[in-house]
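Here is a briefing on one protein model.

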Amino acid sequence: MGEQILEKVRIVVDEGTLKLTSLGQVLGVIYVQMSERSFPSQGWHDLCASILSMWLFSMNRYLLGLDETATLYFMDGDYALKLIHQSNQQTIVRFMEPNDVCCMESEIDIPYFAEQMLAASVKIVNHFPQHRDIRNIREIAERADALRDTLRTINARETM
């Protein structure tokens, strides 16, 4: 049986668009890319740090096996990625549009997607070095550390 090729889901954060609002929120372009598809759309503007903070938290719980599914919401509009744990230990992602419409579904490389979240978080934290004490930025840094620890634990378990 040939090994199935798992889709790689990339997270795109356009550093050139990142701005800190007066409320201490990070606004900018963030979207996910799978194959040729950008979701919700290329150039999607949203609250990057708030989204990543929620995603990191959900991904950590999902990888620890605390949740069988995880819904990763975008803040602006009714868009989300739904991660679903399969019996074969793989993960299916569903790209959900408004009114619970699934526009795409695929088995994905979940460790790769988790690494993408970490890379996106580092981009945002490093973009605002003088604002690391702002709650939004501090929170993604802390949650990224927690996810990093989880990935290390999982990798250690798999190499035993």
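The structure holds zero disulfides, a disulfide being a pair of cysteine sulfur atoms within 2.5 Å. This is a predicted model, where local features need pLDDT of at least 70 and side-chain atom pairs count only at pLDDT 80 or more, while totals for chains, interfaces and linings use all residues. Residues are numbered from 1 along each chain as its sequence is written, and side-chain values use heavy atoms, with hydrogens and water left out.

**Cysteines**

- The closest cysteine sulfur to that of Cys 102 is in Cys 103, 6.3 Å away, which is too far for a bond.
- Cys 102 is partly exposed, at 37% relative accessibility.
- Cys 48 is buried, with a relative accessible area of 0%.
- Buried means under 20% relative accessible area, exposed over 50%, and partly exposed in between (1.4 Å probe, protein chains only).

**Largest pocket**

- Helices H1 (48–63), H2 (110–127) and H3 (135–159) each supply at least two lining residues.
- H3 gives the largest share of the lining, five residues.
- By class, the lining has eight nonpolar, six polar and five charged residues.
- Ala, Val, Leu, Ile, Met, Phe, Trp, Tyr, Cys and Pro count as nonpolar, Asp, Glu, Lys and Arg as charged, and the others, Gly among them, as polar.

- Helices (H or I, at least four residues) and strands (E, at least two) are DSSP runs, numbered from the N terminus.
- Strand E2 (residues 26–34) is mostly covered, with eight of its nine residues buried.
- Strands pair if DSSP finds at least two bridges between them.
- E2 runs antiparallel to strand E1 (residues 9–20), joined by eight bridges.
- Across that pairing, Arg 10 stands opposite Gln 33 in E2.
- The hairpin of E1 and E2 has five residues between the strands, and Gly 24 there takes a positive phi near 80°.
- E2 also pairs with strand E3 (residues 37–39) in the antiparallel sense, over three bridges.
- Here Met 34 faces Arg 37 in E3.
- Two residues separate E2 and E3 in their hairpin, and Ser 35 in the turn has a positive phi of about 55°.
- Strand E4 (residues 45–47) is antiparallel to E2, with three bridges.
- Leu 27 has Leu 47 in E4 as its bridge partner.

**Helix H1**

- H1 has 16 residues and reaches 22 Å from its first C-alpha to its last, close to the expected 22 Å.
- That expected span is 1.5 Å times one less than the number of residues.
- In H1, 13 of the 16 residues are buried, so the helix is largely enclosed by the rest of the structure.
- Leu 52 belongs to H1 and is buried, at 0% relative accessible area.
- Leu 52 and Ile 140 are 88 residues apart along the chain, yet their C-alpha atoms are separated by 6.7 Å.
- Just after H1, Gly 65 takes a positive phi of about 85°.
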